[in-house]
Amino acid sequence: MLMPHNTKNPALEASDKVYALAFGAHPDDVELSCGATLLKIIDEGHRVAACDLTAGEMGTLGTPETRRSEALKAMEVMGYIARESLDLGDSELFYKKENLYEIIRIVRKYRPDTVFCNPPEERHPDHMKASRLVLDACFYAGLRRIETSFDGSMQPPHRPVHILHYIQFRQVEPDIIVDVSSTFGRSREGITAFGSQFHKEGRSDEPKTLINRKEFLTGLEARAHALGEQIGARYGEGFLLAGTLGVHDFSGMFPPAT
Ligand SMILES: [Zn+2]
């Protein structure tokens with residue numbers, strides 16, 4: 001078993017508070033599904049961190065060690081302030097108190113305004129389990145009578161304001177589409193940091209997986225194109241909202257035609 005640990009990006013300042021915290025069941029879930037949106041948030045001047053719930057040890061390709069070093073490379077390429085790597089058990093990501101509390105600890109540590117997590121309906125059971133665990137942890141993290149500590153100190157309660165489910169394998173109609181035309185190209189670098197998982201010429205002897213087919217990354221781009229089309233943009237990333245979206249800045253949300 002790998003010990004849970006986190007690595008800070010030394011290039012960025014040390015405070016933990018972030019605007020957005022992106023959870024994934026496995027290393028690379030985040031980059032594959034909402035990487036361009038995270039880059040857009042960073043471009044807008046906000047701090048972003050990522051948290052992998054498992055080390056991906058049951059994956060067909062790569063080892064937990066290679067996947068962890070790839071995840072850290074992705075952190076640097078993407079510009080996250082930190083990346084947490086928990087060890088809640090790939091294919092054993094069960095709904096249990098210990099797992100819930102580990103996620104509550106992370107939510108209270110980073111105090112995000114916005115949380116991204118796996119979609120509620122998915123092909124991989126870990127994705128669905130991660131979705132439920134993160135959603136519930138975000139709620140419970142706001143209850144002061146649920147006590148957690150970090151580095152020996154009690155953590156104050158914190159509840160994120162917005163929770164967005166990104167879209168993975170299963171095609172669903174998104175509630176919102178983010179225009180990621182300016183960042184989609186760069187997000188590819190975050191994905192290819194996970195070199196063990198994707199197609200490379202000359203590695204034809206490797207076991208085939210859904211995502212190491214030569215066509216996989218082309219398919220991702222086609223989907224981003226199709227989503228972008230729906231909002232008049234070159235590329236888009238789609239999300240499901242965990243709650244109801246309140247409109248506070250009407251013309252900001254529904255801008256006049258330019
Ligand atoms: Zn996954």
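Modeller: The secondary structure comes to seven helices and ten strands, where helices (H or I, at least four residues) and strands (E, at least two) are DSSP runs numbered from the N terminus. This is a predicted model, in which local features need pLDDT of at least 70 and side-chain atom pairs count only at pLDDT 80 or more, while totals for chains, interfaces and linings use all residues. Residues are numbered from 1 along each chain as its sequence is written.

Let us settle on strand S2, residues 20-24. Five of its five residues are buried, so S2 is largely enclosed by the rest of the structure. Here a residue is buried if 20 or more other C-beta atoms, placed from the backbone, lie within 10 Å of its own. Both faces of S2 are covered, with Ala20, Ala22 and Gly24 buried on one side and Leu21 and Phe23 on the other. For the whole protein, buried residues make up 41% of the 258 residues.

Now for the partners of S2. Strands pair if DSSP finds at least two bridges between them. S2 pairs with S3 (residues 48-52) in the parallel sense over five bridges, and Ala22 stands opposite Ala50 in S3. S2 also pairs in the parallel sense with S5 (residues 114-117), over three bridges; there Leu21 stands opposite Val115.

Between S2 and S3 comes helix H1 (residues 29-43), and the three make a right-handed β-α-β unit; right-handed means that, with the strands pointing away from the viewer, the path from the first strand over the helix to the second runs clockwise. In H1, 13 of the 15 residues are buried, so this helix too is largely enclosed by the rest of the structure. Just after H1, Gly45 takes a positive phi of about 95 degrees.

Finally, the core. A nonpolar core is a set of buried Ala, Val, Leu, Ile, Met, Phe, Trp, Tyr and Cys residues joined through C-beta atoms within 7 Å. The largest one has 58 residues, and Leu21, Ala22 and Phe23 are among those that touch the most other members. The largest share of this core, seven residues, comes from H1. Leaving aside residues up to four places away in sequence, Phe23 touches Cys51, Leu53, Val115, Phe116, Cys117, Ala130 and Val134, contact meaning that C-beta atoms, placed from the backbone, lie within 7 Å.

Notes
A residue is buried if 20 or more other C-beta atoms lie within 10 Å of its own, exposed if 12 or fewer, and partly exposed in between; C-beta atoms are placed from the backbone. Two residues are in contact if their C-beta atoms, placed from the backbone, lie within 7 Å.
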